[in-house]
Amino acid sequence: MDASEQAKKVLKEVFFLIGKGRKDQAMIQLEKAINLAKTIQSEYLRPYVLNEIAQAMLKLDKMQEAIQIIHEAINIANEIVFTASRLEILLEIARSLSETSSEIQNVKILHETLEITEKILNNIIDQPHIDIAHQVTVILRNIVKKSRNLSILNEILVLSKKFNDKDYRKMLLRNIAFRLADLCKNTTDISYIKDVLKIVDQIELKNYREKAIVEITRLLTKTATHNRNLEIVQIALKLSEKIPSEYYRSKIRSKLSILKENAKSS
């Protein structure tokens with residue numbers, strides 16, 4: 001059994017111990033896996049093993065150590081001559097990081113994940129890599145669906161511009177628009193709502209931007225109906241001016257005007 005196979009066997013035990021809550025024992029086994037990884041000769045296999053070690057580190061709350069190992073894996077991958085192989089390794093690191101960071105809700109690791117996806121996107125220059133572009137889209141879409149962090153969503157919005165394929169870009173923008181709208185549901189945090197709207201304004205595709213505006217206006221109106229928050233009513237009124245449908249715009253503005261008067265008198 002070569003070093004990579006031995007390391008994977010030990011890592012399997014590590015994840016089992018973590019799942020059982022036996023973190024001290026898991027850490028002892030993880031040290032064995034780290035030592036075995038150092039002896040792996042293959043530049044193709046070592047980054048995969050290092051990636052698994054990093055995931056274990058994250059689950060053991062060893063974030064700085066995990067980041068160092070991730071960077072080591074990336075540096076090794078960057079030295080690989082064949083573009084497809086290099087991108088596949090980076091893709092695997094990004095995929096596993098996105099899953100683990102969403103599980104432990106770690107924003108710093110999500111930022112690391114986005115840096116890797118940007119590196120991948122910057123290197124996709126021809127048609128054979130189209131499947132990799134699709135996989136990157138799926139990773140980013142899954143982050144969008146789970147994240148409440150607006151800086152992460154804004155980063156992904158910026159990254160969407162790097163997609164040459166319009167369909168992938170549209171898929172991301174659609175999910176970002178829907179997620180931003182959903183984040184305004186039942187919230188009375190005025191600062192948060194305003195920050196959401198700043199990102200909505202940056203959505204370049206008009207139809208998705210307008211759909212987000214309509215849904216956010218509807219949700220804010222619903223919230224204001226229950227709590228009579230004048231600030232939310234005023235934000236919704238201003239936002240309603242951007243609703244494309246004259247009929248719906250008039251209808252919701254009429255309701256908001258009544259809510260505004262009620263809020264003032266309460």
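In this predicted model, helix α6 meets helix α8 through Val 107, Leu 110, His 111, Leu 114, Thr 117, Glu 118 and Leu 121 on the α6 side and Ser 151, Ile 152, Glu 155, Ile 156 and Leu 159 on the α8 side. The axes of these two helices come within 11 Å and cross at roughly 5 degrees. Because angles under 35 degrees count as roughly parallel, α6 is described as roughly parallel to α8. The points below treat this contact, two further helix pairs, one helix viewed on its own, and several individual residues.

**The contact of α6 with α8**

- Sorted by class, the contact of α6 with α8 has 7 nonpolar, 3 polar and 2 charged residues.
- Ile 152 belongs to helix α8, and its relative accessibility of 0% makes it buried.
- Apart from neighbours within four places in sequence, Ile 152 is in contact with Val 107, Leu 110, His 111, Leu 114, Ile 143 and Ser 147.
- Although Ile 152 and Leu 110 are 42 residues apart along the chain, their C-alpha atoms are separated by 7.4 Å.

**The contact of α4 with α6**

- Helix α4 (residues 63–78) packs with helix α6 (residues 107–123) at an angle of about 5 degrees, and their axes are 11 Å apart.
- This angle makes α4 roughly parallel to α6.
- On the α4 side, the contact is made by Met 63, Gln 64, Ile 67, Ile 70, His 71, Ile 74 and Asn 78.
- On the α6 side, the contact is made by Lys 108, Ile 109, Glu 112, Ile 116 and Lys 119.
- The residues of this contact divide into 6 nonpolar, 3 polar and 3 charged.

**The contact of α8 with α9**

- Helix α8 (residues 150–159) and helix α9 (residues 166–182) pack at an angle of about 155 degrees, their axes being 10 Å apart.
- Angles over 145 degrees count as roughly antiparallel, and α8 and α9 are therefore roughly antiparallel to each other.
- The crossing of α8 and α9 is left-handed.
- Helix α8 contributes Leu 150, Leu 153, Ile 156 and Leu 157 to the contact, while α9 contributes Leu 172, Leu 173, Ile 176, Arg 179 and Leu 180.
- By class, the contact of α8 with α9 holds 8 nonpolar residues, no polar residues and 1 charged residue.

- The buried residues in α11 are Tyr 208, Ala 212, Ile 213, Ile 216, Thr 217, Leu 219, Leu 220, Thr 221, Thr 223 and Ala 224.
- An α-helix has 3.6 residues a turn, so residues three or four places apart point the same way.
- The cover over the buried residues of α11 includes α9, α10 (190–200), α12 (230–240) and α13 (246–265).
- The phi of Arg 228 is near 55 degrees, a positive value in a residue other than glycine.
- Arg 228 has a relative accessible area of 45% and is partly exposed.

- Ser 96 is located in helix α5 (residues 83–104).
- Ser 96 counts as buried because its relative accessibility is 9%, and buried means under 20%.
- Leaving out residues up to four places away in sequence, Ser 96 touches Asn 51 and Gln 55.
- Asn 106 is found in the loop between α5 and α6, and its relative accessible area of 18% makes it buried.
- Asn 106 touches Met 63 and Ser 101, with residues up to four places away in sequence not counted.
- Asn 106 and Leu 91 are 15 residues apart in sequence, and their C-alpha atoms are 19 Å apart in space.

**An exposed loop residue**

- Asn 186 is placed in the loop between α9 and α10.
- Asn 186 has a positive phi of about 65 degrees although it is not a glycine.
- Asn 186 counts as exposed, with a relative accessibility of 61%.

Key. Residues are numbered from 1 along each chain as its sequence is written. This is a predicted model: local features need pLDDT of at least 70, side-chain atom pairs count only at pLDDT 80 or more; totals for chains, interfaces and linings use all residues. Side-chain values use heavy atoms; hydrogens and water are left out. Axes are lines fitted to C-alpha atoms, for helices over the stretch in contact, and angles run from 0 to 180 degrees between N-to-C directions. Helices (H or I, at least four residues) and strands (E, at least two) are DSSP runs, numbered from the N terminus. Angles under 35 degrees count as roughly parallel, over 145 as roughly antiparallel, 65 to 115 as roughly perpendicular and the rest as oblique. A crossing is left-handed if the near helix is turned anticlockwise from the far one by less than a right angle, and right-handed if clockwise. Contact means heavy atoms within 4.5 Å. Ala, Val, Leu, Ile, Met, Phe, Trp, Tyr, Cys and Pro count as nonpolar, Asp, Glu, Lys and Arg as charged, and the others, Gly among them, as polar. Buried means under 20% relative accessible area, exposed over 50%, partly exposed in between (1.4 Å probe, protein chains only).
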